[in-house]
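Subject: Structure handover

Hello,

Here is the structure I promised to pass on to you. Please open it alongside this note, and I will walk you through what turned up.

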Amino acid sequence: MRLYSGPLSMFGAKAEIAALEKGLPVRVFMVPYDPNTGYEPKHPDVLRVNPKRQVPVLIDEGLEIFDSTQIFEYFEHLKPDPALWPASPKARAEARLIEHKADEVYFPHVVRLMGLEETPDDPAAVAARAAAARFHLEVEGLLAGREYLAGAFSYADIGVYMATLFGERKGAVVGSDTPRLRAWRDRMSERPAVRQVAGAMAAYLVSIGRSIPPFMAELLQPALAS
Ligand SMILES: N[C@@H](CCC(=O)N[C@@H](CS)C(=O)NCC(=O)O)C(=O)O
């Protein structure tokens with residue numbers, strides 16, 4: 001299997017983490033990416049497979065799909081063990097909703113912040129950080145009495161981890177009012193698959209002279225012994 005991603009693709013990182021967690025034989029191919037100009041010119045395989053012209057794209061012997069959540073679903077059917085969705089229909093639906101919210105409700109606020117790094121007091125930036133903080137509090141509530149967002153570790157954790165990683169980078173800081181969320185993030189960072197992928201992203205950012213938040217800097221250190 002070949003996974004097309006980018007060195008700063010939060011959605012590609014989701015798929016890569018899932019493949020590692022599942023133990024799937026996925027080769028990751030980083031498409032051309034320039035920190036200043038982005039993904040242009042687009043890779044021809046990405047253009048062929050994805051009408052939205054985005055990574056991640058997955059190719060597996062004739063199957064060509066795109067979108068991180070679609071890739072999760074394929075992985076789950078391809079290799080059900082370890083399960084990364086809960087078994088019961090309601091728990092599974094809730095986990096899927098959390099994952100969906102990370103991508104489609106929370107992340108747009110982070111995207112809004114991306115254009116406003118130089119003007120953090122802009123009302124649009126203030127509103128985006130406030131909306132992100134409300135999501136952080138929602139996640140804090142989910143973690144009451146739970147180690148992971150849907151009980152056992154799941155795709156929901158992967159989605160929220162990557163989305164909030166980018167949130168933190170862009171100023172939507174996970175504050176001291178959400179201690180369970182912070183502790184969960186630390187647990188996530190200790191998972192080998194997460195550490196490998198998010199750590200590579202941290203190293204890439206450092207290599208191009210970008211600053212990284214303290215919790216990402218920790219990803220560059222050897223994992224704590226468990
Ligand atoms: N919903 C998609 C989002 C994919 C996406 O936004 N990919 C970004 C990189 S993280 C991209 O390729 N951006 C380049 C562009 O839109 O031109 C998913 O879950 O995979």
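A salt bridge here is a side-chain nitrogen of Lys or Arg within 4 Å of a carboxyl oxygen of Asp or Glu. Please keep in mind as you read that this is a predicted model.

With that rule, the side chains of glutamate 21 and arginine 191 form a salt bridge, at 2.9 Å from N to O. Glutamate 21 belongs to helix α1, while arginine 191 sits in the loop between α7 (179-190) and α8 (192-207), so this pair ties together parts that are 170 residues apart in sequence. Glutamate 21 and arginine 191 are both buried.

The total comes to 12 salt bridges. Another of them joins glutamate 99 to lysine 14, with 2.6 Å from N to O. Because glutamate 99 is in helix α4 and lysine 14 in helix α1, that contact links parts 85 residues apart in sequence. Both of these residues, glutamate 99 and lysine 14, are buried as well.

There is also a salt bridge between the side chains of aspartate 45 and arginine 48, at 3.0 Å from N to O. Aspartate 45 and arginine 48 are three residues apart in helix α2 (residues 44-49), so about one helical turn separates them. Aspartate 45 has a relative accessible area of 18%; since buried means under 20%, aspartate 45 counts as buried. Elsewhere, salt bridges with shared partners join Lys14, Glu99 and Asp103 into one network.

Now to the open space. The largest pocket has a volume of about 880 Å³. Its lining is made up of 37 residues, and those nearest the centre of the pocket are Ser9, Phe11, Gln54, Val55 and Phe107. Two or more lining residues come from each of α1 (10-22), α3 (68-78), α4 and α6 (155-169), and α4 gives the most, with eight. By class, the pocket lining has 18 nonpolar, eight polar and 11 charged residues.

Helices α4 (89-114) and α5 (123-142) each supply at least two of the lining residues, with the largest share, four residues, coming from α5. Four of the cavity's lining residues are nonpolar and two are charged, with no polar ones.

Last, the packing. The largest nonpolar core has 61 residues, and Phe75, Tyr161, Met162, Leu165 and Trp184 touch the most other members. At least two residues of this core come from each of α1, α3, α4, α5, α6, α7, α8 and α9 (214-217). Helix α6 supplies the largest share, nine residues.

Technical notes
Residues numbered from 1 in each chain as written. Predicted model: local features only at pLDDT ≥ 70, side-chain atom pairs only at ≥ 80, totals over all residues. Heavy atoms only, no water. Nonpolar A, V, L, I, M, F, W, Y, C, P; charged D, E, K, R; others polar. 1 Å grid on protein atoms, 1.4 Å probe; cavity = no way out; pocket = protein on both sides within 12 Å on 5 of 7 lines; lining within 4 Å. Points joined across faces, edges and corners; volume = space filled by probe spheres on them. Buried < 20%, exposed > 50% of the residue type's maximum accessible area, 1.4 Å probe, protein only. Core = buried A, V, L, I, M, F, W, Y, C linked by side-chain atoms within 4.5 Å.
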